[in-house]
Amino acid sequence: MELNISELLDENIFLKELELKVKDEGFYYGGEYIKLLQPMNFNGTLSKAGDIFELKGRLHSLLQLTCSRCSEKFPYAVDIPIAERFTNSSNGDEELIFIDGDIIDITEILENNIILSLPIKRLCREDCRGLCQKCGTNLNYSECHCKDDDIDPRLAKLKDMFFTD
């Protein structure tokens, strides 16, 4: 979704209430497809002071993420504050997003804020047990019968020192 700000460029001070519903299927981040189970809902304001535009508000959505331990898909609710500043003049301020022309791509801004809010380790639940390293069984649903007697060959001689039969 794009915001056309051409009529605002001539005004010096401006404030506009926004209620946006961005209907998107999802987006890719780091090789993972993040599906949107609900549209991105943004409620906030777009203001202008001088040559600086400021977008403030809250973003609500429901994502489908993949668990880092068991690889199961799970819903993840997003409710984050958004505060972005834009300019169309090249004044060199690194905290401002430069917009070339009179269009602000609001979808890209919201997706970037979602990405920044995602946890590093995405877990379907706090006590997720993950997958068995040998057979791949999801340990949340069933127990596997793999033996855990795999010893690093570099440390095998130490085992002989402790267990003398």
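Strand E3 (residues 26-29) and strand E4 (residues 32-49) pair in the antiparallel sense through four bridges; two strands count as paired if DSSP finds at least two bridges between them. This is a predicted model, in which local features need pLDDT of at least 70, side-chain atom pairs count only at pLDDT 80 or more, and totals for chains, interfaces and linings use all residues. Residues are numbered from 1 along each chain as its sequence is written, and side-chain values use heavy atoms, with hydrogens and water left out. The chain contains two helices and eight strands, where helices (H or I, at least four residues) and strands (E, at least two) are DSSP runs numbered from the N terminus.

**Overall layout**

- Along the sequence, the elements follow the order β-β-β-β-β-β-β-β-α-α.
- The chain has 165 residues, and 33% of them count as buried; buried means under 20% relative accessible area, exposed over 50%, and partly exposed in between (1.4 Å probe, protein chains only).
- The accessible surface of the chain is about 11200 Å², and carbon and sulfur atoms account for 49% of it. Areas come from the Shrake-Rupley method with a 1.4 Å probe, and for residues only the protein chains shown count as cover.
- Of the contacts between residues at least 6 apart in sequence, 54% join residues at least 24 apart; a contact means heavy atoms within 4.5 Å.

**The E3-E4 hairpin**

- E3 and E4 form a hairpin with two residues between them.
- Gly-30, in the turn, has a positive phi of about 60°.
- Gly-26 has Lys-35 in E4 as its bridge partner.

**Nonpolar core**

- The largest nonpolar core holds 32 residues. Such a core is a set of buried Ala, Val, Leu, Ile, Met, Phe, Trp, Tyr and Cys residues joined through side-chain atoms within 4.5 Å.
- Leu-55, Leu-63, Leu-110 and Ile-114 have the most contacts inside this core.
- Two or more core residues come from each of strand E2 (13-22), E4, strand E5 (52-66), strand E6 (73-87) and helix H1 (106-117).
- Leu-110 touches Val-22, Met-40, Phe-42, Leu-59 and Ile-82, when residues up to four places away in sequence are not counted.
- In soluble globular proteins, nonpolar side chains tend to be buried together.

**Ser-47 in strand E4**

- Ser-47 lies in strand E4 and counts as buried because its relative accessibility is 19%.
- With neighbours within four places in sequence left aside, Ser-47 is in contact with Phe-14, Leu-15, Ile-52, Phe-53 and Glu-54.

- The whole structure has zero disulfides, a disulfide being a pair of cysteine sulfur atoms within 2.5 Å.
- The sulfur of Cys-67 has its closest cysteine sulfur in Cys-70, at 3.7 Å, which is too far for a bond.
- Cys-70 is likewise in no disulfide.
- Cys-67 is buried, at a relative accessible area of 3%, and Cys-70 is buried at 4% relative accessibility.
- Ser-71 sits in the loop between E5 and E6 and has a positive phi of about 65° although it is not a glycine. Its relative accessible area is 47%, so Ser-71 is partly exposed.

**Salt bridges**

- The structure holds five salt bridges. A salt bridge is a side-chain nitrogen of Lys or Arg within 4 Å of a carboxyl oxygen of Asp or Glu.
- Arg-122 and Glu-32 form one of them, with an N to O distance of 2.6 Å. This pair links distant parts of the chain: Arg-122 is in the loop between H1 and helix H2 (156-162), Glu-32 is in strand E4, and the two are 90 residues apart.
- Arg-122 is buried, with a relative accessible area of 12%, and Glu-32 is buried at 16% relative accessibility.
- Glu-54 forms a salt bridge with Lys-56, their closest N and O atoms being 3.8 Å apart. Glu-54 is partly exposed, with a relative accessible area of 26%, and Lys-56 is partly exposed, with 44%.
- Asp-127 and Arg-125 meet in a salt bridge at 3.0 Å, N to O. Asp-127 is exposed at 54% relative accessibility, whereas Arg-125 is partly exposed at 37%.
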